[in-house]
Each structure stands twice: as C-alpha cells, then as structure tokens.
Amino acid sequence: MSARQQVQNLLDFIDASPSPWHAVNSVEARLAAFRFVKLDETVQWDLQPGGRYYVIRDDSSIVIFVQGQKPLVETGFKIIGAHTDSPGLRIKPNAGMGSDGLLRLGVEIYGGPILATFTDRDLSLAGRISYKDDKNAIVSRLVNFDRPLLRLPNLAIHMNRAVNEDGLKLHKQNELPLILSVLAEECLPQAYFSQILQQQTACEAERILSWDMAVYDTQKGAFWGAENEFYADSQLDNLASCHAALQALLDDAVLENDHTLVCAFFDHEEIGSESNKGADGSFLADVLQRIALATEKNKDDFARALAKSFMISADMAHAYQPNFPLAYDAEHKVAVNKGPVIKVNANHRYSTESISQALFVDWCEQAGVPYQKYSHRTDLACGSTIGPITSARLGIRSVDVGNPLWAMHSIRESAGVLDHGYMIRVLKKFLSVLV
Ligand code: ZN
C-alpha cells in the first residue's frame, strides 16, 4: 500500500470509530480477516504456539497477541502500546435540560480538549447503552447517531466584541450544553432524550438502564494541501497510532514471525489511565502473565521474559507550526512529513531513555525511515503518555515515539501523509527483529 492508501485506510478506520467503544469494535473487525481468536478473561485459555488471539476488557481496551513459536525467555514480549480515547465532551446521566423552548444536553469535559474547536460543528453522539435483554441479562450495545444531531453555536461577534483579541472562552458549566431540539411544552426533557435513544437503538426506553456517550464531529477525514500532502480528521491522537500498530502487525510476514508480538490499545489515557482497563490498571500485566503461564515451565520464566521485553509507546507528537515560533524549543522543531518523532523528557513524562532511543534509531535506519527528536520547551509543562506508566508497571524498557501532529486535542487535528507510512514501516521492523 502507498502512504496515501495507508492514510485513506486510516481515515476510513477513524470515521468508523467515533468513540473508544467503536474503535475497539473496528479493530476487532480487522482482526477477523486475519483469523484472530477472541479470548474471554473469565475462562481458562488454551494457547497454541503461532496462535493469534485478542482480549477485550469492558468494550474499549484491547490486547492483541501472537503467541510466538520460540520460548518467551528467549524472545521476551514485543509490545506496541497506544490509546483508543480522545478528549472531548461526554453526556451527563440526566442530560436533558429544557428552557426557553429548547432542549439542550448537559455535558462533562473528558480529558483536555480545545473547547473552542467544538463550536459551530456538525456534532453527533456515539457510545454504548447497557440494557436488559429478553432473558433479563444486562448487556451492552454500540450506538451511533451518525448524522448531525447537536450543536454548540458561537455567540455572534456583535455580543462578544473582544473574541479575536482575547480568544474564545467558554464557561464549562453554563456555556457548553449542546442544543438538541425544539422542546414542545408538554415534553419532559429527560423523557425526550430517552425516547431519542430508544428510536436510535430500537431498544425500549425502560430497558435502557445506563449509557456512555461521547460527542463527535460528523465531518469525515480529508486530504488537504497543494499536493494533498496533509490530512485532517478527529481523534488522530491517538487512533492514528492504533492504526499504524495494527497495519504493522497485520502483515503476513510479521505474523509468521516466531516471536510473541503484542499490541495493547487502552482507553482512559486522556484522563490519567487509572481504571480497570487503563494502562495504569492490571489489564496488560494480567494478559502477559497468562501468556507466560500457558507456555513457560518455571515460575521465574515470566520475570525473565519481561526482562527481555521491549515496548514502543506510540502516541502523537507536536509538529512545528511556523505561526507560533515561540511555543517551541528552537532546537527541537519537528516537521510534518519528516518522519516519526522520538519524544524525550528528563522528568520521564515520556519513557524514552538512552538505550531505548538508540534501539529505535537503529530500527528506523534499518527500515530506511527518517526520524526526529522532540523535547518540550523547558518553561512549559510537558504532556505524558501510557509509556512511563506501562513501563513502570511491567518493569520493561520502553521508548515514546509518535508522528508529528498539528492542533493536538482539537476536534479537527492534522498531520502529514508520509509520516503515517513511515511509522508503519518502522513498527513492522520492530516486530520483525530480535531485540
Ligand atoms: Zn495521545
């Protein structure tokens, strides 16, 4: 596949994945074509060398693995980690707010989105409902309204004269509720929203007990630039990295490899990773331990395997935007379409250290892929990733890398076409070599 085809494939993947629950569903659909078997955490696993498996925890985190032919103590685990969630707005439980003839939905802020970018967009809702089925069991189902449904109209400039000088500031409690509908007088706001959910899911309102619902932008991904050298979509942070990892893994030559390969995509990175399915939870450690127990002879083989292991934490990096030169360290400007970025932070907000960095550089060189190095301005607080958390929990060596991205945490982010192909190539190399 050319870099452009890879990006088109990525945009299709994102557009089919408007929420983290949908993202895992999209990953699962792609695994089916490569004969991966779904494992249930509540039953015993019978793992075979060369077997292809995946485990989903609570619908929005997934660990995919290929059981190696070689003993784990010889190869360790080769892991690529990324996250399925993106910052944005989430619907509150008692969401309906009726006033002034309009029905609005109350929202919470999930993670750290650029709120101003949510105004004047064709917004919709996607997520999951939990309901009682015919046998009275509580089950979940995905929901996607898949059309412009909601809106956060800006205030006219005539009422906000200083907006271009001061920037758009939105009061988090009062000014974020989203307009859903004209409200008929006889209608109760909560009942009306339940009715809409019922219509969309074909599930009776009284059976729907709860939901998780994310707000998303219905605008599809697009190429842009004089030569179509850039692309834009929502959720590039971090579905672009999930996609790159998946494309690297789902390659016949890589899958035939005799090492144990792992891709772990976690929910909840944007809110600190502390949950049963987040990178700071037990999920990945539980799965790795069960892989080791299924194949290794001695109790300390798992520790030996971890000591041999390596993780690439793949998340997006801040591309240089020449309109804002002062926002960047002058010696660490990373450019779009100039290759994957190795992210370094002395305070370990990124997991990169000297040896893991050198290994990644070597894989880039072997794969013929350019690379860049990023360090944040010293006087600005640096973001973080799942890298340090996962590396600390498992005690394994890790490097933080990612492709350059403009407008991180905007509802519409953009990046370079070549970089996506580069990232897939170097991840493929990593999965194919003995570390
Ligand atoms: Zn991220």
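Which residues are linked with Asp58 in a network of salt bridges? Asp58, Asp59, Arg128, Asp212, Asp267 and Lys277 are linked in that network. A salt bridge here is a side-chain nitrogen of Lys or Arg within 4 Å of a carboxyl oxygen of Asp or Glu. Side chains of opposite charge can pair when their charged atoms come close.

Before I go on, a word on the source. This is a predicted model, in which residues are numbered from 1 along each chain as its sequence is written, and local features need pLDDT of at least 70, while side-chain atom pairs count only at pLDDT 80 or more. Totals for chains, interfaces and linings use all residues, and side-chain values use heavy atoms, with hydrogens and water left out.

Let me start with the domains. The protein chain is divided into domain 1, residues 3-86 + 234-432, and domain 2, residues 88-217; these bounds come from an automatic or database domain assignment. The centres of the two domains, taken over C-alpha atoms, are separated by 31 Å.

How many residues of domain 1 are in contact with domain 2? There are 21, and they touch 22 residues of domain 2, where contact means heavy atoms within 4.5 Å. Between them the domains bury about 1,700 Å², with 62% of it on carbon and sulfur atoms. Buried area is the accessible area, taken with a 1.4 Å probe, that two parts lose on being put together, summed over both. On the side of domain 1, Pro18, Trp21 and Ile411 lose the most area to domain 2, together 41% of what that side buries.

Now the polar side of that interface. Two salt bridges are found across the interface of domain 1 and domain 2. Seven residue pairs are in polar contact across the interface, both residues being at pLDDT 80 or more. A polar contact is a pair of N or O atoms within 3.5 Å; within protein, one must be able to donate a hydrogen and the other to accept it, and residues adjacent in sequence count only if both atoms are side-chain atoms. The residues of domain 1 that touch domain 2 divide into seven nonpolar, seven polar and seven charged. For that count, Ala, Val, Leu, Ile, Met, Phe, Trp, Tyr, Cys and Pro are nonpolar, Asp, Glu, Lys and Arg are charged, and the others, Gly among them, are polar.

Next, salt bridges one by one. The whole structure has 19 of them. Asp267 and Lys277 meet at 3.7 Å, N to O. Both of these residues sit in the loop between strand 13 (260-266) and helix 8 (283-295), 10 residues apart. Helices (H or I, at least four residues) and strands (E, at least two) are DSSP runs, numbered from the N terminus. Asp267 is buried at a relative accessible area of 2%, and Lys277 is buried at 3%. Buried means under 20% relative accessible area, exposed over 50%, and partly exposed in between, with a 1.4 Å probe and protein chains only.

Asp217 forms a salt bridge with Arg121, the closest N and O atoms being 2.8 Å apart. Asp217 is buried, with a relative accessible area of 5%.

Asp301 and Arg304 form another salt bridge, at 3.4 Å between the closest N and O atoms. Because they are three residues apart in helix 9 (residues 301-307), about one helical turn separates them. Is Asp301 buried or exposed? Asp301 counts as buried at 5% relative accessibility, whereas Arg304 is partly exposed at 44%.

Last, the backbone. Most residues other than glycine have a negative phi, and most peptide bonds are trans. A cis peptide bond joins Asp237 and Asn238, with omega about 15°, and Asn238 is in helix 6 (residues 236-249). Asp100 has a positive phi, near 55°; Asp100 lies in the loop between strand 5 (88-99) and strand 6 and is exposed, at 77%. Asp120 also has a positive phi, near 60°. Asp120 lies in the loop between strand 6 and strand 7 and counts as partly exposed at 40% relative accessibility.
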